[in-house]
Amino acid sequence: MEGRKLSMGIIGSHLQAAAILVVVMVMALMTDAASTSKVSPLKVGFYATSCPSAESLIQRATQTKFNVDKTITAGLLRIFFHDCFVQGCDASNLIKSTATNKAELDAVPNLTLHGMDLIDTAKAAVEEACPGVVSCADIIALATRDAVVIAGGETYAVPTGRRDSRVSLASSVNLPGPGFSVASAAAAFRGRGLDITDMVTLLGAHTVGGAHCEFFYNRLYNFNGTDGLQDPSMAESLAASLKAACPMKPVTSRYLVGKTTVPIDQGTEFVFDKSYYHQLQHNHGVLQIDQELTQDPTTSPIVKSLAKGSATHFSSSFGNAIVKMGNIGVLTGSQGEIRRICSRIN
């Protein structure tokens with residue numbers, strides 16, 4: 001979401017969302033939507049024969065981490081979003097830079113990614129059980145699902161069979177920020193084969209997210225260039241709380257990424273539930289993109305539906321949307337590789 005980060009792709013803020021993405025969410029439009037609409041080559045239970053203990057080992061590692069760090073749910077969601085939205089779900093954002101290549105991990109939106117230590121722990125466990133079989137990309141997808149369930153969400157089946165990329169370039173990372181308009185964010189999602197309902201549903205990841213002061217500072221003190229004025233759409237009680245956490249600073253001493261973080265869900269920040277949508281309806285959206293979901297005619301009905309529906313409705317909708325996202329640009333078959341260590345190519 002390092003307390004509460006998923007920061008800033010749209011679904012990220014330091015989900016840690018948020019921004020997710022945000023949730024949030026890395027959005028380079030390098031492949032067209034048609035390429036993401038093909039039948040998925042992935043399948044549920046891909047490792048049933050080749051590594052039958054893989055999913056239980058990953059779940060165990062995720063539970064152990066959650067027991068000591070509840071922000072891991074937001075952290076994993078953010079890693080997954082930022083991975084899939086750059087060049088597909090291929091674990092390219094786990095690769096460390098070298099003397100000759102600046103990797104995605106060192107791009108500004110990824111500097112505060114949180115949870116790679118869990119991926120490394122899970123990878124070590126499956127490598128011991130089944131060397132060279134389970135990809136880092138699949139570990140991200142499976143651990144993310146497990147963290148959502150541990151935090152209170154409902155389970156969903158994760159198709160697997162992804163392989164890991166051998167390419168990672170910081171220059172390919174292009175995230176829409178939390179100040180994006182709904183229309184601009186929706187265009188970025190469409191470029192990855194995700195529709196407007198998918199976008200609003202995936203932004204629900206902010207229910208376990210947090211945001212750094214930088215990402216809503218202008219809403220408090222300089223909304224749309226109105227010197228000293230706050231966003232009129234923000235509830236006064238929320239504004240007062242955020243100003244207490246993030247007081248006005250001189251222009252020469254802006255907040256640094258990785259410092260003060262506030263929860264996007266002010267009620268149940270570590271629980272994966274639908275309270276995020278209820279708060280938006282009461283003008284308690286911390287990020288501009290979140291609050292604008294209730295103001296835009298294309299997204300407002302979706303917010304209302306998710307807020308009004310049952311917890312099961314949100315969880316199942318989120319599961320469907322994130323599985324769809326998990327199909328973006330996957331490598332399968334003989335493409336890419338199965339990394340032995342997630343932070344470097346073989």
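Axes here are lines fitted to C-alpha atoms, for helices over the stretch in contact, and angles run from 0 to 180 degrees between N-to-C directions. You're looking at a predicted model, in which local features need pLDDT of at least 70, side-chain atom pairs count only at pLDDT 80 or more, and totals for chains, interfaces and linings use all residues. Residues are numbered from 1 along each chain as its sequence is written, and side-chain values use heavy atoms, with hydrogens and water left out.

**Stop one: H1 and H4**

Select residues 54-68 for helix H1 and 136-150 for helix H4. (Helices are DSSP runs of H or I, at least four residues, numbered from the N terminus.) The two pack at an angle of about 50 degrees, their axes 9 Å apart. That makes H1 oblique to H4, because angles under 35 degrees count as roughly parallel, over 145 as roughly antiparallel, 65 to 115 as roughly perpendicular and the rest as oblique.

Now show side chains. On H1, pick Glu55, Ile58, Gln59, Thr62, Gln63 and Phe66; on H4, pick Ile139, Leu142, Ala143, Arg145, Asp146, Ala147 and Ile150. These make the contact, meaning heavy atoms within 4.5 Å. By type, the contact has seven nonpolar, three polar and three charged residues. (Ala, Val, Leu, Ile, Met, Phe, Trp, Tyr, Cys and Pro count as nonpolar, Asp, Glu, Lys and Arg as charged, and the others, Gly among them, as polar.)

**Stop two: H2 and H12**

Next, select 72-87 (H2) and 311-325 (H12). Their axes lie 10 Å apart, at an angle of about 40 degrees, so H2 and H12 are oblique to each other. From H2, display Leu77, Phe80, Phe81, Cys84 and Phe85; from H12, Phe318, Ile322 and Met325. This contact comes out as eight nonpolar, no polar and no charged residues.

**Stop three: the largest cavity**

A cavity is a set of points on a 1 Å grid over the protein atoms alone where a 1.4 Å probe fits but cannot get out, and lining residues have an atom within 4 Å of a point. The space inside is about 50 Å³, and the lining divides into seven nonpolar, one polar and one charged.

**Last stop: the second largest pocket**

A pocket is an open set with protein on both sides within 12 Å along at least five of seven lines. Helix H7 (residues 217-221) gives the largest share of the lining, three residues.

Terms used
Points joined across faces, edges and corners; volume = space filled by probe spheres on them.
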